[in-house]
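The sequence and structure are shown first.

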Amino acid sequence: MELSERKMTILQAIVRNYLESGEPVGSRTISKYTDLNLSSATIRNEMADLEEMGYIVQPHTSAGRIPTDLGYRVYVDTMMQEKDKEVEELKENLLEKEERLDQLLKQTAKLLAVNTNYASLVSAPSIHRNKLKLIQLSRVKETQLLAVIVVEGNVIKNTLLDVSEPISEETVLKLNILLNTHLTGLAIEEINLKLIASLKTQAGIHSDIISDVIDAVAKTIHDDDDLEIYTSGTNNIFKYPELADSSSASELIGAFEEKQTLNELVVKTLAESEETGIKVYIGNESPVSTMKDCSIVTATYDLGEGMKGTIGIIGPKRMDYEKVVDSLKDVMRQLDSIYKK
């Protein structure tokens, strides 16, 4: 059911107050917080409707209300629509462009943790939907070839290939022409069995080389699956009682230490990056089971040529979403600006 403007204003006031205080919010607080000029009785009626609709809940008798995951969701979606219209100019570059990328990303994770008081993560960029740029075969010995494979993002892989019989320079030249004519500009998903069969037929007695090169191309592209993830502010989790007192607190810390859980989060974020630059997971929406008591806000940065990475903030469900989204948009745009120049 669509919320009226008055109900939306009251819901937003409840969420904002709860984010600030961590305490259930009553009707008297709302009457002072908003400029609706409504009586406490009217506000109580609206709050009762919101509770019936599933946006807020009363934790115990005689207490105020707190937002449900659905209430958080409405608040976040509305806030982000507003933020998309108010993107601020870049405040300052995080670091000089000349600094090494890993140092920049480590510093980015640290700054986000300090500025937000939550835990942060930044993944090193990986290549997505990348295409083959060049294959260069050259003889090392009569029965050994060096295959140099270059894909978008200027990722280079050198692979030694053994051949069963001596191979001439002329044959190597013909294989280079064959491979580059048919494969350059293709993504690995586009190199299908029909194309491979055609290449093998044209290569004749050297069809095994075609198979070895295709395998090397696939390995070059998928070598990046083991992501490097930089984290900071893990101990900030203990600042929030709802997380620190939870039985899952140790699991949260373990997720940051082992990185496998974070890897799953990054992979999911990058897979959805074409839909939106920023993604918010609240409570049970979390793609990782150890973070069901948290909210996770992620952003995808793009360095060009398919090089993308994830920036993320993990904190309590009552996190300051506005500040987090602003911080992530700032960082995302700064990274884009620095490395696309």
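## Val163 and its surroundings

In this predicted model, Val163 touches Glu142, Thr143, Gln144, Leu145 and Ile209, leaving aside residues up to four places away in sequence; contact means heavy atoms within 4.5 Å. Val163 lies in the loop between β7 and α6, where helices (H or I, at least four residues) and strands (E, at least two) are DSSP runs numbered from the N terminus.

With a relative accessible area of 13%, Val163 is buried. Buried means under 20% relative accessible area, exposed over 50% and partly exposed in between, with a 1.4 Å probe and protein chains only. Val163 and Asp208 are separated by 45 residues in sequence, and their C-alpha atoms are 8.1 Å apart in space.

## Thr159 in strand β7

Strand β7 (residues 155–162) contains Thr159. Thr159 counts as buried because its relative accessibility is 18%. Residues up to four places away in sequence not counted, Thr159 is in contact with Leu145, Leu146, Ala147 and Ala216. Leu145 is also listed among the contacts of Val163.

## Packing of α6 and α7

Helix α6 (residues 169–183) and helix α7 (residues 193–203) have axes that come within 11 Å and cross at roughly 160°. The axes are lines fitted to C-alpha atoms over the stretch in contact, and angles run from 0 to 180 degrees between N-to-C directions. The two helices, α6 and α7, are therefore roughly antiparallel to each other; angles under 35 degrees count as roughly parallel, over 145 as roughly antiparallel, 65 to 115 as roughly perpendicular and the rest as oblique.

From α6, Leu175, Leu178, His182 and Leu183 meet Leu195, Leu199, Gln202 and Ala203 of α7. The residues of this contact comprise six nonpolar, two polar and no charged. Here Ala, Val, Leu, Ile, Met, Phe, Trp, Tyr, Cys and Pro count as nonpolar, Asp, Glu, Lys and Arg as charged, and the others, Gly among them, as polar.

## The chain as a whole

The chain has twelve helices and eleven strands. Of its 341 residues, 48% are buried. Among contacts between residues at least 6 apart in sequence, 62% join residues at least 24 apart.

## Basis of the values

Residues are numbered from 1 along each chain as its sequence is written, and side-chain values use heavy atoms, with hydrogens and water left out. Local features need pLDDT of at least 70 and side-chain atom pairs count only at pLDDT 80 or more, whereas totals for chains, interfaces and linings use all residues.
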